[in-house]
Amino acid sequence: MNSLLIMGYSSFDLGIFNEKDIKISVIKKAVKKRLIGFLENGLKWIIFTGNLGFEYWVLEVAKELKEDYEFQIGSIFAFETQGQNWNEANQIKLASFKQVDFVKYAYETYENAGQFRQYNDFLLENTEGAFVFYDEENKTKLKYMVDRMKNTSDYELYLLDFEDLQETFEEMNE
């Protein structure tokens, strides 16, 4: 697989409001293990959409892994205006998504809901698979994209769920 799209829960979805929350270290540990597996199997591109929460934590892990693995990081934002109203701390995180190997904006500004469908189509057509933090027991707006990924032929979907995180947590505490 050449390109892997990253998506997942926001920090708000997870009830994580402090960057020192222990849950983040568990998520990062689980992510690192999975990303190393992808990279050792030839992954060339990790693609982000610039959302806070899971995507940001994966971005931090990916940037650390660039020291040991050769791959590219890309951010494909829906809109050039994404995050313009975010607070200062989140603006810094947004800047991290822009300090990667490739940055592109699907649209300059929001005009209509159809743009989201076209944007999602583009993401699915230009990646070969996705690594998504999503649990069927905790449905959010991610359900739409997860269902689309499942129904796209020749598209590989790798899920991280709460059970995976529980296993990682237990490993960390052995």
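Here are legends for a handful of close-up views of this predicted model.

Local features are given where pLDDT is at least 70 and side-chain atom pairs only at pLDDT 80 or more, while totals for chains, interfaces and linings use all residues. Residues are numbered from 1 along each chain as its sequence is written, and side-chain values use heavy atoms, with hydrogens and water left out.

**View 1. The open sheet has 6 strands.** Read across, the order is β4-β3-β2-β1-β5-β6, and the pairing is parallel. Strands (E, at least two residues) and helices (H or I, at least four) are DSSP runs, numbered from the N terminus; two strands count as paired if DSSP finds at least two bridges between them. At the edges stand β4 (102-107) and β6 (156-160), each with a single partner strand, so one side of each has no neighbour in the sheet. From one strand to the next, the twist averages 25°. Angles here run from 0 to 180 degrees between N-to-C directions, with axes as lines fitted to C-alpha atoms, for helices over the stretch in contact.

**View 2. Zooming in on two strand pairs, β2 with β3 and β5 with β6.** The parallel strands β2 and β3 are joined by 4 bridges, and I46 has I73 in β3 as its bridge partner. Because 7 of its 8 residues are buried, β3 is largely enclosed by the rest of the structure. (Buried means under 20% relative accessible area, exposed over 50%, and partly exposed in between, using a 1.4 Å probe and protein chains only.) Over at β5 and β6, also a parallel pair, there are 5 bridges; G129 stands opposite E156 in β6.

**View 3. E60 and K28 form a salt bridge.** That term means a side-chain nitrogen of Lys or Arg within 4 Å of a carboxyl oxygen of Asp or Glu, and the structure holds 10 of them. For E60 and K28, the closest N and O atoms are 2.7 Å apart. E60 sits in helix α3 (residues 54-65) and K28 in helix α2 (residues 22-40), so the pair ties together parts 32 residues apart in sequence. Both are partly exposed, E60 at 23% and K28 at 22%.

**View 4. E136 reaches K150 through another salt bridge.** Their closest N and O atoms are 2.7 Å apart. This pair links distant parts of the chain: E136 is in the loop between β5 (129-133) and α6 (142-150), and K150 is in α6, 14 residues apart. E136 is partly exposed at 32%, as is K150 at 46%.

**View 5. The largest pocket holds about 680 Å³ of space.** A pocket is an open set of points on a 1 Å grid over the protein atoms alone, where a 1.4 Å probe fits, with protein on both sides within 12 Å along at least five of seven lines. Points are joined across faces, edges and corners, and the volume is the space filled by probe spheres set on them. Lining residues have an atom within 4 Å of a point; there are 22, with M7, T49, N51, F116 and K141 nearest the centre. Elements giving two or more residues to this lining are β1, β3, α5 and α6.
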